[in-house]
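Dear colleague,

Please find the structure below, together with its sequence.

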Amino acid sequence: MAAINKLGVIGAGLMGNGIAQVCAVAGLDVVMIDVNEAAIDRGMANIQRSLDRLIKKEALTEAQKEQALKRIKVST
């Protein structure tokens, strides 16, 4: 079976940004797509807040957060 290295997520809403976050933290490159820039901005803001909460809980380091954010690309 082929390894999955890159994932496309259609929709930056609650489910979409959650899936994008989990996959990016796990080491996959992610492309998150939505219909407009405002939806993408909200999705990325949610991911940012969620990762910050994980850092507060000491479940993630700042370096891991930065690596995860670098793995997420966005598009409309």
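In the contact between two helices, Asn17, Ala20, Gln21 and Val25 in H1 meet Gly43, Asn46, Ile47, Ser50, Leu51 and Leu54 in H2. Contact here means heavy atoms within 4.5 Å. By class, this contact of H1 with H2 has five nonpolar, five polar and no charged residues. For these classes, Ala, Val, Leu, Ile, Met, Phe, Trp, Tyr, Cys and Pro count as nonpolar, Asp, Glu, Lys and Arg as charged, and the others, Gly among them, as polar.

Some notes on the source are needed at this point. The model is predicted, so that local features need pLDDT of at least 70 and side-chain atom pairs count only at pLDDT 80 or more, while totals for chains, interfaces and linings use all residues. Residues are numbered from 1 along each chain as its sequence is written, and side-chain values use heavy atoms, with hydrogens and water left out.

The helix pair

Two packed helices are described by the angle between their axes and the distance between the axes. Helix H1 covers residues 14-25 and helix H2 residues 37-56; they pack at an angle of about 50°, and their axes are 9 Å apart. Helices (H or I, at least four residues) and strands (E, at least two) are DSSP runs, numbered from the N terminus. Axes are lines fitted to C-alpha atoms, for helices over the stretch in contact, and angles run from 0 to 180 degrees between N-to-C directions. H1 and H2 are therefore oblique to each other; angles under 35 degrees count as roughly parallel, over 145 as roughly antiparallel, 65 to 115 as roughly perpendicular and the rest as oblique.

The salt bridges

Side chains of opposite charge can pair when their charged atoms come close. A salt bridge is a side-chain nitrogen of Lys or Arg within 4 Å of a carboxyl oxygen of Asp or Glu, and by this rule the count comes to two. In one of them, lysine 65 meets aspartate 52 at 2.6 Å, N to O. This pair links distant parts of the chain, with lysine 65 in helix H3 (residues 62-71) and aspartate 52 in helix H2, 13 residues apart. Glutamate 62 and lysine 65 also form a salt bridge, at 3.9 Å, N to O. Because they are three residues apart in helix H3, glutamate 62 and lysine 65 are separated by about one helical turn.

How accessible are lysine 65, aspartate 52 and glutamate 62? Lysine 65 counts as buried, at 7% relative accessibility. Aspartate 52 is partly exposed at 32%, and glutamate 62 is partly exposed at 43%. Buried means under 20% relative accessible area, exposed over 50%, and partly exposed in between (1.4 Å probe, protein chains only). Leaving aside neighbours within four places in sequence, lysine 65 is in contact with Gln48, Leu51, Asp52, Ile55 and Leu60.

Two loop residues

Glutamate 58 lies in the loop between H2 and H3 and is exposed, at 74% relative accessibility. The phi of glutamate 58 is near 60°, a positive value in a residue other than glycine. Valine 35, in the loop between strand E2 (29-33) and H2, is exposed with a relative accessible area of 73%.

Yours sincerely
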